[in-house]
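Dear colleague,

Please find below the structure that I am handing over to you. My notes on what was found in it follow directly after it.

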Amino acid sequence: MKVCVFGAGAVGGHLAARMADGGAQVSIIARGAHLEALRRDGLRVDLPDRSLHCTPKASDRADLLGPQDVVVVAVKTTALLAVAAGITPLLGPGTTVLFVANGVPWWYFHQYDGAEDGRQLPLIDPHGALWRAVGPERAIGGLAYTASSVSAPGVIAVLSEQPHVVIGEPSTRGLASETLSGRARRIAAVFEAGGLPCRVSTDIRMDVWTKLIGNLAGSPASLLTHLPLSAICDDPAGETLLRTAVNEGIALAHAMGCMVPTDTDYYLAPTRGLRHKASMSQDLDAGRPLEIDSILTQPLQFARERGVSTPTLNLLATLACLRGSASGLYRLRS
């Protein structure tokens with residue numbers, strides 16, 4: 001399998017090394033010091049129990065890499081316009097594009113079971129750039145459960161003891177596992193061969209909401225407090241805040257037709273052991289644009305459209321937007 005990872009930062013670098021270890025022919029789109037290090041020393045991923053090392057072809061020009069079997073897009077959603085502008089040379093007639101990201105994905109309403117089928121989301125995909133450049137029929141959704149960071153150019157540190165990924169077709173909602181697409185299974189097999197557990201989802205939107213509910217509550221709370229999620233949970237008032245926000249997120253997911261678990265502890269339990277800040281807070285510290293629209297703004301637009309009451313999430317989102325604007329990392333919407 002010929003694979004190009006577009007955006008080999010903390011998550012993308014981890015996925016690139018796993019796929020290379022699983023037998024794929026991997027290349028990477030990168031820039032700056034990261035690109036220089038990849039060309040000079042290759043890619044190293046430090047896991048809790050061992051290290052992976054590979055020497056992928058790295059470039060800042062997609063036209064030098066050519067069409068791929070699979071493109072893995074692992075950039076922040078704030079960088080998706082750049083992906084749309086640069087991805088075309090990587091796309092052949094049968095290329096699959098796996099988008100691994102947090103928040104509401106740009107392809108969310110592709111082959112959707114309802115009147116909104118085909119609806120585009122300009123908050124996430126301005127001017128339909130990805131819809132045109134990639135096409136939703138190529139897209140596979142992905143969620144990465146891995147705490148990772150770039151410890152040095154070309155070096156990724158993975159903190160998670162049991163990282164894993166979930167991938168799925170937008171069109172497979174409710175289908176039996178034996179009817180899942182072959183392309184999703186082939187990608188999963190490469191991850192598994194590289195030692196990274198990968199579940200092929202029968203309802204990727206359900207998985208999107210299951211992860212998004214935790215982000216809806218935890219991302220702005222960590223951003224505003226500059227604290228790890230475990231520290232927020234350890235405080236009684238902080239835990240109450242998160243529980244209230246999670247319950248609002250559950251109600252919203254149900255209104256979107258995704259009957260996620262209703263037990264608040266299902267979402268809070270994983271955060272109690274997270275001794276690092278949420279990625280949105282880390283982005284603030286690093287001066288990177290904040291993924292507010294895909295994680296907060298778009299879901300809350302859905303809430304307004306469906307008449308779901310989300311006063312706590314509204315407050316957290318408003319404060320997060322103001323904090324981001326004050327830092328120059330988010331543009332407030334009129």
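Proline 261 sits in the loop that joins helix 8 to helix 9 (264-268); helices (H or I, at least four residues) and strands (E, at least two) are DSSP runs, numbered from the N terminus. The model is a predicted one, in which local features need pLDDT of at least 70 and side-chain atom pairs count only at pLDDT 80 or more, while totals for chains, interfaces and linings use all residues. Residues are numbered from 1 along each chain as its sequence is written, and side-chain values use heavy atoms, with hydrogens and water left out.

With a relative accessible area of 33%, proline 261 is partly exposed. On this scale buried means under 20% relative accessible area, exposed means over 50%, and partly exposed is in between (1.4 Å probe, protein chains only). If its neighbours within four places in sequence are set aside, proline 261 is in contact (heavy atoms within 4.5 Å) with Ile250, Tyr266 and Tyr267. Isoleucine 250 is 11 residues from proline 261 in sequence, and their C-alpha atoms are 7.7 Å apart.

Glycine 238 belongs to helix 8 (residues 236-255). Its relative accessibility is 9%, so glycine 238 counts as buried. Between glycine 238 and threonine 225 there are 10.0 Å in space, C-alpha to C-alpha, and the two are 13 residues apart in sequence.

Histidine 226 is found in the loop between helix 6 and helix 7 (229-234). Although histidine 226 is not a glycine, it has a positive phi of about 60°. At 33% relative accessibility, histidine 226 is partly exposed.

**Glutamine 111**

Glutamine 111 likewise has a positive phi, of about 50°, although it is not a glycine. The loop that holds glutamine 111 runs between strand 7 (91-100) and helix 4 (129-133). Its relative accessible area of 46% makes glutamine 111 partly exposed.

**Helix 10**

In helix 10 (residues 279-286), the buried residues are Met280, Ser281, Asp283 and Leu284. Viewed down the axis of helix 10, these buried residues fall within an arc of 155°, so they line one face of the helix; the arc is that of the directions from the helix axis to the C-beta atoms. An α-helix has 3.6 residues a turn, so residues three or four places apart point the same way. The buried residues of helix 10 pack against helix 6 (204-225), helix 11 (292-306) and helix 12 (311-326). Glycine 287 follows helix 10 and has a positive phi, near 75°.

**The protein as a whole**

The protein has 12 helices and 12 strands. Its radius of gyration is 19 Å, close to the 20 Å that the globule rule gives for 334 residues, so the protein is as compact as a globular protein of that length. The radius is taken over C-alpha atoms, and the rule is 2.2 Å times the number of residues to the power 0.38. Along the principal axes, the C-alpha atoms fill a box of roughly 50 × 45 × 40 Å.

Of the 334 residues, 55% are buried. Among contacts with a separation of 6 or more, 72% come from residues 24 or more positions apart.

Yours sincerely
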